[in-house]
Each structure stands twice: as structure tokens, then as C-alpha cells.
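I opened my notebook for a friendly walk through this one. Here is what I looked up, entry by entry.

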Amino acid sequence: MFSLINPDGTVRDRLPVTLEEMRALYADMVEARTYDQKCMAMQRQGRLATYAPFEGQEAAQIGAAAAIRSDDWVAGTYRDAALMWRAGYPWDLLIAGRTGDERGGKAPEGVNVLPPSITVGGHMVHAVGLAWAERLQGSDRVALTSFGDGATSEGDFHEAMNFAAVFKTPTVFLCQNNQFAISYPRSEQTKATSIAEKADGYGMPGVEVDGNDVAAVLVAVREAAESARNGDGPALIEAVTYRLGPHTTSDDPGRYRDEAEAQEWRQRDPLIRIRILLEKAGGWTPEWQEELETRAAAAIEAAVATAEALPLPTVDEMFERMFAEPTSSLRQQLDEAGT
Amino acid sequence: MSVMTLAQALNGALDTALDADDRVVLLGEDIGRSGGVFRITDGLLEKYGENRVFDTPVAESGIVGSAFGMAIAGLRPVAEIQFLGFSYPAYDQVINHVARIRNRSAHRFTAPMVIRIPYGGGIGAAEHHSESTEAIYTHIPGLKVVVPSTPHDAKGLLLAAIEDPDPVIFLEPIRSYRAVKEDVPDIYYTEEIGPARVERHGKDITLISWGAMMKETRAAATALEEQGVSVEVLDLRTLSPLDTYSIISSAEKTGRVVVIHEAPRTGGLGGEIAAVIQEQALYSLLGPVRRVTGWDTVFPLKRSEGHYLPSVARILQAAEQTLED
Amino acid sequence: MAKEFRLPDIGEGLTEAEIVRWLVAEGERVEADQPVVEVETDKAVVEIPSPYAGIVLQHGGAEGETLAVGSVLVVIGEPGESSVPAVPLAPAEQPAVASAAPIVGTISEVAEDLSAPPVEALETGQVKALPIVRKLAREMGVDLNQVVGSGPGGRITREDVLAAVGAAAGGPLPEPEPQPAPEPEPEPAPAPGPQPEGATQPASTEDVRRPMSRLRRTIAANMARSWAEIPHVTTFDDIDATRLLEIRSALGARYELKLPLEALVVKAVIPALETFPEFNATLDGDDLIVHGSHHIGIAVDTPDGLLVAVIRDAGSKGVLELASEVRRLGEGAKARSLSPDEVSGQTFTVSNIGALGGGHGTPIVPPGTTAILSVGRAQEKAIVIDGELAIAPVMPLSLSYDHRVIDGGLGRRFMALVRENLEEPALFLAG
């Protein structure tokens, strides 16, 4: 498994990432975790619908997003808020989505990040089409798709991987293996030794990466993205990580896993190892930590305020979102619905 | 202008589209080297090259999902699914993603794509190849469903579908591919998606149908006219959105309506049409809206096909009953 | 300003929760998003974070107490503040979970009791009629249950409805006559009988509002419709009824009955209807339906109003049979015991207002027909016969017809034939 920074913050070898880059990645992970905690709290306060936390997966998501270009495509899942944010999707839209508002799906112009896929496994093939179209149109954009270990059992994973390799689309497949598909453990999801090795079956490179090592993820995804950009086709990256929280706020992990196991993975928390690393390298102080936390809290609170200030969607919007122009029957129904 | 069959008109439409717009690409099984199992894409790979026309692995969901991604990223893909009965593996992609992306992203991302699907029975094909399950697509918000019955309409509607900013399921009646021909302009033209075509004007009774069943409907209309009945014939052409205006106008005019479709009766579009008519033209009706349809049985194999497909005789029987009302 | 935080539905299918443990005591400070209380849901204990920063002014309940979702969980503010309901937090979906399997969405916990006694089924009509026919019946005030359908399978047709309408209309408006005529007043049902004008009533100067009976409403609707749709022309004539009355007497003496005049009038009219079929027809859109049979409506004066009873196939009946029909129908009409096809379907109407002392009038053509003949009371008058003054019983005739179908010339010719027949009954008794 490819890794650069050990759980205890020591480095295997020379780090091909600068100190400044590491500080930036750390700051992003702090903000991501702040967002995650705030959403959990908001859900318990009745202000958010079901929320799927990513606690423990910050390195996999921030590292991957930092490795691609700002105009690259991203097709992720309902758990990929940190990935989407780092790729340019504002926090307030992510929150609006979780309050049940389609306006949360409207990425800003120039941010090529699709709204999160709620169905499991349906969206990887979209990243194939996106990447393929970019190449046909002569651009060098790549498409990154993020999915979990559970998604690799869906038929569309197979179809996506196959098409990507056959048509050599510049698609980066990022599997965040967080060990669980709701309650179903990774060891039973597939009898392959690793998810990364499935890439062989499709004729594309696959690499297993320590998903809690933000530098390793960054390097691996960057390499795959650049390769794709150069026309060498797709790749699969398995980021081995752990879902520290529940599947969603409606889930109780105590029913299917041992708390001791979760505690063990907390020792390998992606933020801790970077803090230790930075501290050793003179790039972290408690004051800076506090500054980061304050800044993050402010940013998240501002996003919450923006999202919660959105007025209720009108009935018209529901009808106008179906097509470029509503059909006459939709207009008739709107008349009926509006009274 | 050339005389063309439906198949040739479709081929011409695709050729015209590929020529007119660089963003148009075709993908599907056997459409390139082989020109398509019904030859609808014949010659197009040779003419436009392997960066415009793609043969794909056998993977319907992959085809539709990739086309979906392509459409979002700026292309105008025309994907082919070989038979309606094979479209179900891609159904998840169609209803969960293709039909919804505009809604999900509040117009930020859209899917201007066409899924061409040969459909319908009467060709003596193997199991699954004769399906007419259009209702599973017309029932889905966010999709348009189009069915031409004539070569002229086929070319114009396909070009309109490719131009459409939203996804279109384009159903092609297999039985009609080579069984109808007429003059078709060689230029680029479109037929509007939505409006039905009043093929014949009349005042005693309205026959409504689409696709391959237009053949039997036309024959029934002629037979009725020989008996002195004035028959109005509507070719719906678009199944979703339904042209309720034309349907209601005709119902108000004649007061007698028969709907003909080969799809199974229950949950078929005939029910929707009858509902619309009784909602908006009840007091014009001189009798019930009758439906002449396929039965609620699995589409049978060749030797029983005659028991299943609506015949001219069945249409006439329904029409006569309605005229007696 | 102190704020209330109400117990939310946090997606565990919550309708209520038990307070397990307060994590911040009353009087202590709490930060925003800091867990303030543990509550127990179906299966798990959940920490709820405070949405506000401040001092916990009040716990919404004690440990062990159960609170309903929506009730105040905790009040947070500054010391000394009174609690004020907080601005409602932004609307959010309230997902719930069946505790066995996590899902997304909300399931209501409020169970509908299906063991409640079923609602009694209502009786529905068995009448068959097209929607357009039902609508017509509604508009015309026709009760479809009283109409016999002549369409396929007993279906009620438009013509059936129109005929039913005609049965309850067509009363002529008599001219005022010197003799006072007892006029039946419409009474609201149940009506004991007609109140003659001038009958003693308790003195009252107040207006009285009396709803019209169903029959009267039907008559009213028919009259209105007739008047609105049919361009009426009425042509008048007087006939010398000498011979008619002689024959009536003779027949009456021979058969020991009082022969109703209507029987002779109907018999006299039939040949005219045969010669001028426009008078035995129904105008339907652009078509004139000329009826093959002659069903003659006879206006019958009943306590409830003018009813028309129908002699079916009058053309095939002799005078005596007609007489017996007239009598029978008259009695049945008064008793309101006639069947639907005895009060509907007339193709021409004869109204004898002479019984009430009427003279000429302007009868109203019943809807669904094209003409009506009213016959007034024969009175001795001075007339000129062959240049000499004579006295003879003069009977006034008034013929109203639908001017869309019948022109003046045709109307006069019809009237002339009827008059000929009535002045010399041998002409029609020969048939």
C-alpha cells in the first residue's frame, strides 16, 4: 500500500510535497472536519435532513481534490462533501442540498462538480462520458469519480471501468474504501484481495493507497490525473480509510461493529498525523490551530446562515425545472397546483 | 427530395445531423462497422470516422451512462439501444439520472441526448424483441418520448430530438422500417416534437394511434370511409408530452374516439388518452372511448403473434360499436 | 432575549423522548453546538447539541421525564431574561428511521385505526344515460328515474328527456274572459287542494316566500326554455261548432257517456298532421325529425299544475277509444298515477281550455314539438251564413307553432284543414 506519512506523523522517505502545501492541506482538513461536526449537530437540532458524515475520510477527499485542476470534472457521492468543496462547490450549497432544496445542486459556473449521486454506483459511468467528451472536444480535462467499497459491487462499476479502459477515457476512479457499506463489511463485499487489483481485470493501472495519508493520496491522484491528461487513459485508486462515524445520522454503528475497532482507527486519524508532522517541521503552533478553527467555524457559520436564509421554493420552480421550457401539460398542471 | 423508407429517412437524418453539428456523436452496439442491425447507421462510420461513431461493448447501462456524461460535457450524443426489450438494464440510468439532472442541478447541468430504440412486434422475432413498453418511459417526468410512423416524420422528428435541449427517447417501429416509403426532403428540416398530425379529417369518428399500428389504423379508416363514415385519423407522433389539444379538439368534433396501440392494455397510453378525453370533453362524447390494444399477456412468439396484435378487423369492430352508440 | 429550543424530531422516528441526563445544569453556560442533554430514542441514547450559546435558564423536564417532540427542551439566554419563543429555525425535512434499518425519509408514527366501522354504502341510481343527456336532464329539471329510456339497453336518450320535459309543460295562457274562471293556485307540497281566488285567508300584509313545487319548477323551466328557443307564432280561428256538438251529443246518448271534446278534436287533427307532417315533428339541431306515429298530448288541469298526458298512437284509435283514453288519462293525471311513457313523448299537443271558459289564447309550444292547438269554449254568437245572420256555437281555436319550421302559409293551411274537419266531422270520422 502506497503511503508517505506514517500514522505517528513520521515520514517514510522524502516527501514530494512542500511544507506550504502540507499546511494548506491541513487547514482544508480542519475546515472540512468543522463542517462535518456542524452538520451532525444541526441534524440533531432538527435543522438538517439525514446527513452522511465523512469523519475520518478527510485526507482521502481533500488530497484527491487538491490533486486535480479547478476545471476538471468531479462526480461523487452523498458522502463526498469535503471532496466537492475542495473542488469548488460552496459549503452553503452543500448544506442547502441537505435541507432538501434543489438549488443546492446548482454548482457555480465554471465549477464542473456534479450534484452528489444518491444512488450507489450509478455515477461512475457518468465520469466516463464526461472525460470521453472532453477528449473528443480536444480539451485535456479529466474526470474524477469518487465512490465507496460498496459501489464496486454494482454492475455499473463494471460497465464504467470497462468502457473507460476500452475507450481510454481520461477518468480517475477513486474508491474510498472506508470498510463499510452501511453495515456490510469490506471483507464480505468482495473476495478480491484488494479493490485496486480489480483494475487488472479491465486493463488499467490500479494502486492501493493509505487513504488517511493526505500526501500519499495527493501524489497518487495527481499522477493518475496527469497520466490521463496525457492520453494514457484511466486508472483506479483505492484509498484505504475508515468511516469513523455512522453511515448516516439515522444509523447506529454499535449494532454491527466493535467500538474498539473504531477507536483503533482513531489513532490513525488523518488530521493528527499531519499536525504532528507539521509541528515537527515547525509548521504548526497552538495559536495557528486556534486561528484555523476560528476561521473554519466562521466560514461554516456563514454558510449555514446563507443556506438557512433561502426562502422556501415556490411551486412554479418545481414545474420549471423539468425541461428548458415547460410543456403545455406542465403549465396546465402548474395552474391546477398553484390554486 | 427522394423517395425513402423509414429506415433510409432515419439514416439520412443521422447523416444530416453529423454533418451539421460537430457535437453530434453516435454510440451503440454494432452501429459502426456493421452499420446497425437494422442498417439505420449504415455508412456513417466510414463517412464520419471513429471519433464520431462508436461501436461499444455489450453494456446498455454503460452506453446510456456514458452518453449522459457526454451530453453534460457539451456533446450531443445519439445512443442506440438495440431493442426496447434490452433497454431495461439502462432504465436506472434513464430515470435516475438522464431524466433528472436538470431538476437535480436546477438547470446547471442538462442532458441534451437522444436514445434511439427500435421497438414493436409483428416481425416474428425471438422473445423480448417485440416489446412495446413505451408506458414505462412516458410515465417518467423529465423525458420526452417520440414515435414516428412515416419517413417524413422520422427524419424531421429525429433532427428535432437531436436539437432538443432535453433528453428524448426516440422509438422506431421496426415493422415500419422498410414497409412505408414516401418523398423526403434531402435538406435539414425538423418536425416539432409535441403536436400530433391529423392525417385525415373527418366528423363521424376519430381513430388515434401511433407507430406501426398506423398501418392498420389507416386501413380501418379506409374501410369505414367506403361505408360512408367520415373518419378522422390522428397520428400522435409524440407520446410524451401528449398533444391533448388535438385529442380534445377531435373528440369534441366527432364525439366518438377509438385508440389503437399494440402495447398491453392495462396502464397503456390508451388509458391516459381516455382519461384526458373524459376530463375535458365528456359532454361531447356520444359513447365511450374504446381502446384496441395488445393484451395483458407477454408478447407471444411468432406463431401466436396473430392472436396478439390489433388487427384491422378488431379496429373496425370497435369503431362500429362506437358508431352505434 | 432568551430563546426556547424545542425537542426536534431528529430522525429516529421520534414523537417523544425521555430525558436521560442533563449535560449542562441550569445556570451553567453552554456554547453553540455543545451537547446539552442526552435523550433516549427507541434504541439509542443520543446527545443533542444546543443551537445557541448562553446560560441554561431552564430545563424543559427532569431526568427520567418524557417530553413530546415540539415541546420546550431547554431555554437559553442571559440571567434574568424571560423566555420568548425563538424565531423558528430554518425549515428542514424531518427524516425518521425505522430503528431496524436506516432509510432516508419520514414515516408517520400516527396509525390510522382501520377497525373503525365502515361507512354505509349509498344507494346509487341504475339509470343509464350518456353524460350529455344527464346534463340536459339536470338543466331541464327532469328526474331520470321517472323517465323510460328508449335507447339501446333501456338507455335514456336526449329525445326521452325532451319528451319528459314536454309532458310537464305546454299549458296555454288564457285570455281574460268575462266569466270568472277558477284558477288553481300552485301550492307548496304537500298541497291539500286548489285555493280559489278570493278564498278567505287570514289577513296578512307581509310578503310570503313560497318555494315552488318540483312540478312547478319543471313547468317553469320548460316554459322558459320554450320561450327562449322557439320563435312562436299563433294563428287564430273561430269555427262553427254546430255539427261537432250535435255529433258529440248523439254519440253520448247512444253510448251513455259524456264524450270528452278532446276525443273529437284529436280525431279531427290527425288527418291534418298526416297532411302537414311538420306539425308532428321535433327539431333537432339542423334536422327535423318527422315522427312516424301520432302521440297526442292532452293538457290536463290538476291541482298541482298543468300536466300533459299522452295518448299514444292516437291515429290508430277510434273516437270511443280516444274518449276512454282521455278520461283515463285525465283521472290518472289528477291522481299523479300515470307512468312515465304516459306523460312524455308527445308529438303534438291539444289543449282544451274551454273547460275553464277560455277563448283564444297564445299557447306555448312544448319543447321537443313544433306546434300546439288550444280549443276554447264554444259560445253562442252571431255569425253570417250564406249572407244571413244566424246564431251558432262559435268555438275559438288558437294554433301556436315553431316559426323556424312552419311558415305562416303552412300554419294557415293546417288550421284551415282542422277547421274544415271540426265543422264537418264526417270528414274525419270516415277515416
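**Nonpolar cores.** I began with the largest nonpolar core, which has 215 residues, and looked for the members that touch the most others: they are A:Val172, A:Val217, A:Val221 and A:Ile237. A nonpolar core here is a set of buried Ala, Val, Leu, Ile, Met, Phe, Trp, Tyr and Cys residues joined through C-beta atoms within 7 Å. A residue is buried if 20 or more other C-beta atoms lie within 10 Å of its own, exposed if 12 or fewer, and partly exposed in between, with C-beta atoms placed from the backbone. I then listed the neighbours of A:Val217, leaving out residues up to four places away in sequence: A:Ala59, A:Ala60, A:Gly63, A:Ala64, A:Val209, A:Gly211 and A:Ala239. Touching, or contact, is counted when the C-beta atoms of two residues, placed from the backbone, lie within 7 Å.

**Ground rules.** I note that this is a predicted model, in which local features need pLDDT of at least 70 and side-chain atom pairs count only at pLDDT 80 or more, while totals for chains, interfaces and linings use all residues. Residues are numbered from 1 along each chain as its sequence is written, and chains are lettered from A and ligands numbered from 1 in the order in which they are written.

**Helix H1 of chain A.** I checked the length of H1(A), residues 19-44: at 1.5 Å a residue its 26 residues should span 38 Å, and the end C-alpha atoms are 38 Å apart, so the two agree. The expected span is 1.5 Å times one less than the number of residues. Helices (H or I, at least four residues) and strands (E, at least two) are DSSP runs, numbered from the N terminus. Of the 26 residues of H1(A), 19 are buried. After the helix comes A:Gly46, with a positive phi near 80 degrees.

**Where chain A meets chain B.** I found 34 residues of chain A in contact with 35 residues of chain B. On the chain A side, H5 (124-136), H6 (155-167) and H14 (328-338) each supply at least two residues. H5(A) gives the largest share, ten residues. By type, that side divides into 16 nonpolar, eleven polar and seven charged residues. The classes are Ala, Val, Leu, Ile, Met, Phe, Trp, Tyr, Cys and Pro as nonpolar, Asp, Glu, Lys and Arg as charged, and the others, Gly among them, as polar.

**Domains.** Chain A is divided into domain 1 (19-308) and domain 2 (315-339), with bounds from an automatic or database domain assignment. Their C-alpha centres are 36 Å apart. For chain B I wrote down domain 1 (2-184) and domain 2 (197-324), with C-alpha centres 26 Å apart. The contact between these two takes 25 residues from domain 1 of chain B and 22 residues from domain 2 of chain B. On the domain 1 side, E6(B) gives the most, with three residues.

Most residues other than glycine have a negative phi, and most peptide bonds are trans. I therefore stopped at A:Gln179, which counts as buried with 21 C-beta neighbours inside 10 Å. Its phi is positive, near 80 degrees, and A:Gln179 sits in the loop between E3 (171-177) and E4 (180-181) of chain A. A:Ile182 also has a positive phi, about 55 degrees; it lies in the loop between E4 and E5 (184-185) of chain A. With 16 C-beta neighbours inside 10 Å, A:Ile182 counts as partly exposed. In chain B, a cis peptide bond joins B:Ser240 and B:Pro241, with omega about 0 degrees. B:Pro241 is in the loop between E12 (238-240) and H9 (244-254) of chain B.

**Chain C.** I counted eight helices and 18 strands in chain C, and 37% of its 431 residues are buried. Strand E2(C), residues 16-22, pairs antiparallel with E7(C), residues 66-68, over three bridges; pairing takes at least two bridges found by DSSP. There C:Glu16 has C:Ala68 as its bridge partner. E2(C) also pairs antiparallel with E4(C), residues 35-40, over four bridges, where C:Arg21 is partnered by C:Glu38.
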